[in-house]
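Q: Hi! Could you walk me through this model while I have it open on my screen?
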Amino acid sequence: MRKFFQEIKADLKFKTAGPGQKLSEPSRAPRESPKAAAAPKPRQGPTDEAQMAAAAALARMEGRPKARLPSSQEAIRSQVRKELMAEAAASERGLDAEEEEDTVSPLEEGAAALSVSGVYFICPLTGEVVRKDRKEQHLREAIQSYFSVDPVAASIMEIHTFNKDRERVRVGLETMAKYLDNIYLHPEEEKYRKIKLQNKVFQERISCLEGIHRFFQAIGFETKTLPVPGQGKPWDTEEYYVLKEEMLARLEDLRHYREQLLSSEPVRARLDRQLCVFKPSPEAARFELPPDFYNLSAEELRREQRLRTEAVEKASMLRTKAMREKEEQREMRKYNYTLVRVRFPDGYLLQGTFYARESVSALYAFVREALRDDWLPFELLGPGGLKLTDENLAFNECGLVPSALLTLAWDAAVMADIRAAGEEQPRSPLKPELLARVQSLS
């Protein structure tokens with residue numbers, strides 16, 4: 001195991017040269033004893049040809065899909081990578097790597113000064129605000145609690161919310177609707193009130209859906225073991241869902257359940273904007289975001305930081321417009337959310353969280369809801385004074401990810417009319433309740 005650990009460490013050290021370092025071949029030669037060691041010799045870098053070959057090989061390896069390692073190997077590789085990063089940091093500062101075991105990564109250094117603590121959602125059933133990593137579990141718990149209130153509605157929520165394949169849900173529910181239609185149209189026919197659980201269609205289209213069996217129970221079906229028709233042997237039986245007799249007097253309820261099943265939508269937690277108002281600050285353009293905003297793991301973010309050191313080399317290459325656009329699109333897909341600040345003419349800042357693929361119209365609505373006079377026309381200006389006129393574009397299409405500082409500008413003609421009318425303007429256009437909880441931007 002120790003040999004395996006050393007080989008992985010050497011291999012990773014070859015692949016992850018730090019900023020300003022040259023790729024070098026790992027050395028497997030044993031260290032000389034302290035007595036025999038002479039003055040330390042400067043490390044010889046590889047030739048230009050060797051560096052080019054190594055870079056090409058690394059690019060090919062990074063482009064291939066990587067097989068998932070066993071958990072034990074993953075743990076070892078993670079530990080090795082941490083040690084290599086610590087050694088690289090220590091080398092840059094001229095310190096011994098052994099004295100830098102507690103080196104803090106760049107992501108961890110900024111944790112105390114994050115612009116927002118994370119991404120949060122509002123549960124539509126409980127109204128509670130929960131963090132992103134707790135969202136799914138909280139929804140499950142909320143729906144489970146709702147069974148004591150309305151078991152039919154709760155089971156329908158389960159079906160629509162936790163089955164991610166929407167096409168499979170559509171096919172399954174249409175088949176379920178046919179079962180209920182047959183019962184409603186032919187209540188005297190006993191065969192329509194029984195559904196064989198081992199039926200191929202039932203198994204492939206309905207039984208596979210999460211929550212469907214709780215729906216059967218909630219609308220009045222019960223499980224029964226019945227003999228196989230035409231078989232004389234008493235042990236030849238099959239499992240069925242059978243509609244209870246009392247439900248025949250409530251056929252309109254069955255029809256209502258059918259409509260409710262087909263028309264319902266998944267329960268979705270709503271993104272919490274985390275609205276904040278800040279006093280004027282020279283730090284308005286500085287953003288420190290948590291990993292929740294990125295479509296990358298923490299390790300992938302560190303790798304992205306290392307790859308930025310190659311930006312100078314890439315900038316010197318001739319790239320076509322199509323190549324640049326493709327690279328920009330790849331960059332945009334890295335982000336799930338964006339943090340936006342809008343600076344008002346008086347310097348006050350309005351901050352909110354949005355989906356990266358959400359349209360800019362949501363930002364205009366967000367700002368308008370915060371205004372004391374929401375009828376006042378305004379424009380939002382991006383970097384360089386560029387007007388955001390097309391509200392149908394998404395944030396990532398406008399380059400406003402993972403964060404952006406925008407400027408609000410009032411309609412000049414309307415403001416001139418207001419001044420000409422001699423109307424007294426309030427100290428700030430923001431609502432008083434927002435100004436009452438204004439914060440200082442650190």
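A: Happy to. One term before we start: two strands count as paired if DSSP finds at least two bridges between them. Also keep in mind that this is a predicted model.

Q: Good to know. Which strands pair antiparallel through three bridges?
A: Strand 1 and strand 2 do: three bridges join them, and they run antiparallel. As one example of a facing pair, isoleucine 122 has valine 129 in strand 2 as its bridge partner.

Q: What sheet has the strand order 2-1-6?
A: That is an open sheet of three strands, with antiparallel pairing. Strand 2 (129–131) and strand 6 (270–271) are the edge strands, and each has a single partner, so one side of each lacks a neighbour in the sheet.

Q: Let me zoom out. How many helices and strands are in the chain?
A: The chain has 16 helices and 11 strands. It contains 442 residues, and 34% of them count as buried.

Q: And what is the accessible surface of the chain?
A: About 27600 Å², with 50% of that belonging to carbon and sulfur atoms. As for contacts between residues at least 6 apart in sequence, 69% join residues at least 24 apart.

Q: Now aromatics. How many aromatic pairs does the structure hold?
A: It holds 12 aromatic pairs. One of them is phenylalanine 121 with tyrosine 337: the ring centres are 6.4 Å apart and the planes meet at 70°, so this pair is edge-to-face.

Q: Where do phenylalanine 121 and tyrosine 337 sit in the chain?
A: Phenylalanine 121 is in strand 1 (residues 120–122) and tyrosine 337 is in strand 8 (residues 337–343), so to speak distant parts of the chain, 216 residues apart. Both phenylalanine 121 and tyrosine 337 are buried.

Q: What about phenylalanine 216 and tyrosine 241, stacked or edge-to-face?
A: Stacked: the centres are 4.4 Å apart, with 15° between the planes. Phenylalanine 216 belongs to helix 9 (residues 212–218) and tyrosine 241 to strand 5 (residues 237–243), so the pair ties together parts that are 25 residues apart in sequence.

Q: Which residues form one aromatic cluster?
A: Phe121, Phe293, Tyr337 and Tyr355.

Q: Which ring does arginine 214 lie over?
A: Arginine 214 lies over the face of phenylalanine 147, at 3.7 Å from the ring centre. There is also lysine 194, which lies over the face of tyrosine 240 at 5.6 Å from the ring centre.

Q: Back to strand 8. Is it mostly covered or mostly open, and how many of its residues are buried?
A: Mostly covered: six of its seven residues are buried.

Q: What does strand 8 pair with?
A: Seven bridges join strand 8 to strand 9 (residues 349–355), and these two run antiparallel. Strand 8 also pairs with strand 11 (residues 403–410), in the parallel sense, over five bridges. Within these pairings, valine 342 stands opposite leucine 350 in strand 9, while valine 340 has alanine 404 in strand 11 as its bridge partner.

Q: How many residues lie between strand 8 and strand 9?
A: Five, and the two strands form a hairpin. In the turn, glycine 347 has a positive phi of about 95°.

Q: Changing topic: is threonine 161 buried or exposed?
A: Buried, at 1% relative accessibility. Threonine 161 lies in helix 6 (residues 151–162).

Q: What does the side chain of threonine 161 reach?
A: The backbone oxygen of methionine 157, at 2.7 Å. A polar atom of the threonine 161 side chain also lies 2.9 Å from the backbone nitrogen of valine 267. Leaving out residues up to four places away in sequence, threonine 161 touches Ile143, Pro266, Val267 and Arg268.

Q: Last one. Where is cysteine 208?
A: Cysteine 208 is in the loop between helix 8 (200–206) and helix 9. It is partly exposed, with a relative accessible area of 34%. Apart from neighbours within four places in sequence, cysteine 208 is in contact with Asn163, Arg168 and Gln203.

Key
Residues numbered from 1 in each chain as written. Predicted model: local features only at pLDDT ≥ 70, side-chain atom pairs only at ≥ 80, totals over all residues. Heavy atoms only, no water. Helix = DSSP H or I, 4+ residues; strand = E, 2+ residues; numbered from the N terminus. Buried < 20%, exposed > 50% of the residue type's maximum accessible area, 1.4 Å probe, protein only. Contact = heavy atoms within 4.5 Å. Areas by Shrake-Rupley, 256 points an atom, 1.4 Å probe, with all protein chains shown as cover. Phe/Tyr/Trp six-rings, centres within 6.5 Å; stacked < 30°, edge-to-face > 60°. Lys NZ or Arg CZ within 6 Å of the ring centre and 35° of its normal. Polar contact = N/O pair within 3.5 Å; in protein donor to acceptor, adjacent residues only side chain to side chain.
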